[in-house]
2 protein chains.
Amino acid sequence: MATAVAPKGLEGIVAANSGICWIDGDAGVLAYRGIDIHELASKSTFEEVCYLLWFGKLPTAAELSAFSRELATARTLDPKIIELLQSLPKTGTPMEVLRTTVSALSFYDADEKDNTHDANVRKAYRLTSQIAMIVAIFDRIRKGLPVIEADKSLSHAANFLWMLNGERPSPTAEKALDVALILHADHELNASTFAARVIAATLSDIHSAITGAIGALKGPLHGGANEAVMRLLFAIDKAGEDPVEHVKTMLAEKKKVSGFGHRVYHTEDPRATHLRKMSEDLGHASGNPKWFEMSRKIELFVLAEKKLNANVDFYSASTYTTLGIDIDLFTPIFAVSRISGWAAHVIEQLDDNRLIRPRAEYIGPEYPAKYIPIAER
Amino acid sequence: MATAVAPKGLEGIVAANSGICWIDGDAGVLAYRGIDIHELASKSTFEEVCYLLWFGKLPTAAELSAFSRELATARTLDPKIIELLQSLPKTGTPMEVLRTTVSALSFYDADEKDNTHDANVRKAYRLTSQIAMIVAIFDRIRKGLPVIEADKSLSHAANFLWMLNGERPSPTAEKALDVALILHADHELNASTFAARVIAATLSDIHSAITGAIGALKGPLHGGANEAVMRLLFAIDKAGEDPVEHVKTMLAEKKKVSGFGHRVYHTEDPRATHLRKMSEDLGHASGNPKWFEMSRKIELFVLAEKKLNANVDFYSASTYTTLGIDIDLFTPIFAVSRISGWAAHVIEQLDDNRLIRPRAEYIGPEYPAKYIPIAER
């Protein structure tokens, strides 16, 4: 059979047709179902974006209201899941906890054995609500704080902050998280989404696909990048160093500065535009613009020095920190948003499925290598 | 950026260099590290094959002895993992249990935060031993039987059967399982292995990669095929039908007969050759050649009628059933073997890593689609 050799990491290889996400990396354009991310970030809500991603169109007022109610109704976890969360080591990383618990959700899902389009849409509602709950609940458990009941009257973003902090979020905080969730909702065939599609394409269940996606997102080259950005900012601050001098030294030592450059964008990541603004606004509103200001200095220096643009991860770090969110929850919050895109992609994959099974270029010992009996080795 | 459109499912696309597995689909050749599968199936052991896959060469007698000892020493599970297995619903599928429990293993792994080559080799030993234990222990738990302690003096295959059945396996049974484990150990970039590499390439941990691989293997287009074969044989037997007539009707109704054809092989799957023989030998040795004989009739008919060859799944069904193994353990046993190849591929991926991030061909609404205010929709 004829084979064609793809560039390493499948860079530039079109691996699927998809009607979900449009990216023009040269022009710096990101759109969900054709609608520009700038429009969605400024005018939409996370609930509306979920609807758009899953159903391919913007909802009417009645549809959005029904959809939001459905999503809120799905804010329930089997008591066995809470027990599982309580039994896991409190020192475990939230991403290990999320991966393990999402895998366990399938045991208690009413549609577990049903892999049809409609059943997977029902599971998408549940997974979206449950992932947010799991992240918030585990954070409370590990801190020895009481678990907060979901409030079905709140928006998805507000309920997450409520269950995390045990107090009603300010409108500014709710809005900031809602926009962050919109910006992270989908990004075409990023590594975690591609992993989800590879798994789903065996006709395995959506819980398997999402569990695999969480595992991929956990990697420092994917979801972990904003955690690395914040660790850098903390380290510079603790040492009382000048951010530009610190990064200059890193670059001289050929160290990678996280939060810059992107496989797909060759200009500004359109999501960074919003997160920069949010980081700045939150910094000023909270009276602590330090993290924004450090970030801005580093951004301008790296752009001038390396011609690398800040990506989605760079300003989400200072944004989340200013919202009072722990550093190791940054990637879980990425999952709280990206479940919307993962679900859309799994459903799209299954609607027109073919097993994803590429080939390898063999570079090992020449065939046939001899099987030498053990006594003669 | 230039993109190239790949065939659906990445068929025929070379997605990675690999020195682990050589397949010639036209000639029906499968080799691990250059050594033909026929040589390995007739002369090697699963332990030796693990060594070959992980270290790229056949071990000396001393190396094999040390390796086998190391693998046996890794037959331990944290008591919290046993508790987790006891807490999961007994009606859960063994693949859901395996996916969830393997994800949880990372909490108790001494090298959890170490993603170096050497640490991942250590984790490969542990995962190989632990996956076999988890499959056996959950089967005992769900049947209300006492959990059997691992016996570190036994081979990997014998210990698995011991922990599953609570009695020492016959030499024939041990040998049959050992050969099945050798045959399933690796198969280049099959969907689960590819999923593992996509996940590992984000620099996520090996537990994430293997958890994702288990999720992929769970799919009926991948690991689930031999279960479907056995369900067909049971159904034909229960109805007292003629196997050929039954399959003839299925084909006339355009139903897919599982266990035939393969994305990569266009001649006999070389693994089927051994499994056919094993199914036949075990059938005769056990005095119950029924499943082999039914299988053989179906194989010859499908080959004549559709020019489709039996694949690895077709005769593993009757082989496992004749060994007394429950139908829903077939795919978990596939994982008991394939962990060896998954680990080899994850380690190889990390030794020369690049993020695996392809592109999609956008087929959605034309950009820029208008964001219509909700009142006007």
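How far apart do the C-alpha centres of domain 1 of chain A and domain 2 of chain A lie? They lie 26 Å apart. The structure is a predicted model, in which local features need pLDDT of at least 70 and side-chain atom pairs count only at pLDDT 80 or more, while totals for chains, interfaces and linings use all residues. Residues are numbered from 1 along each chain as its sequence is written, chains are lettered from A and ligands numbered from 1 in the order in which they are written, and side-chain values use heavy atoms, with hydrogens and water left out.

**View 1. The two domains of chain A.** Chain A is divided into domain 1 (21-222 + 331-351) and domain 2 (225-322), with bounds that come from an automatic or database domain assignment. The contact (heavy atoms within 4.5 Å) takes 26 residues from domain 1 of chain A and 20 residues from domain 2 of chain A.

**View 2. The area buried between the domains of chain A.** Between them, domain 1 and domain 2 of chain A bury about 1800 Å², with 65% of it on carbon and sulfur atoms. Buried area is the accessible area (1.4 Å probe) that two parts lose on being put together, summed over both. Leu183(A), His184(A) and His187(A) supply 25% of the area that domain 1 of chain A buries against domain 2 of chain A, more than any other three residues. Zero salt bridges are counted between domain 1 and domain 2 of chain A; a salt bridge is a side-chain nitrogen of Lys or Arg within 4 Å of a carboxyl oxygen of Asp or Glu.

**View 3. The second largest pocket.** This pocket holds about 730 Å³ of space. A pocket is an open set of points on a 1 Å grid over the protein atoms alone, where a 1.4 Å probe fits, with protein on both sides within 12 Å along at least five of seven lines; lining residues have an atom within 4 Å of a point. Of the 30 residues that line the second largest pocket, Leu221(A), Lys256(A), Gly261(A), His262(A) and Asn311(A) lie nearest its centre. Its lining draws at least three residues from each of domain 1 and domain 2 of chain A.

**View 4. The largest pocket.** The largest pocket has a volume of about 1300 Å³, a volume being the space filled by probe spheres set on the points. Pro220(B), Leu221(B), His222(B), Gly224(B) and Ala225(B) are the closest to its centre of the 46 residues in the lining.
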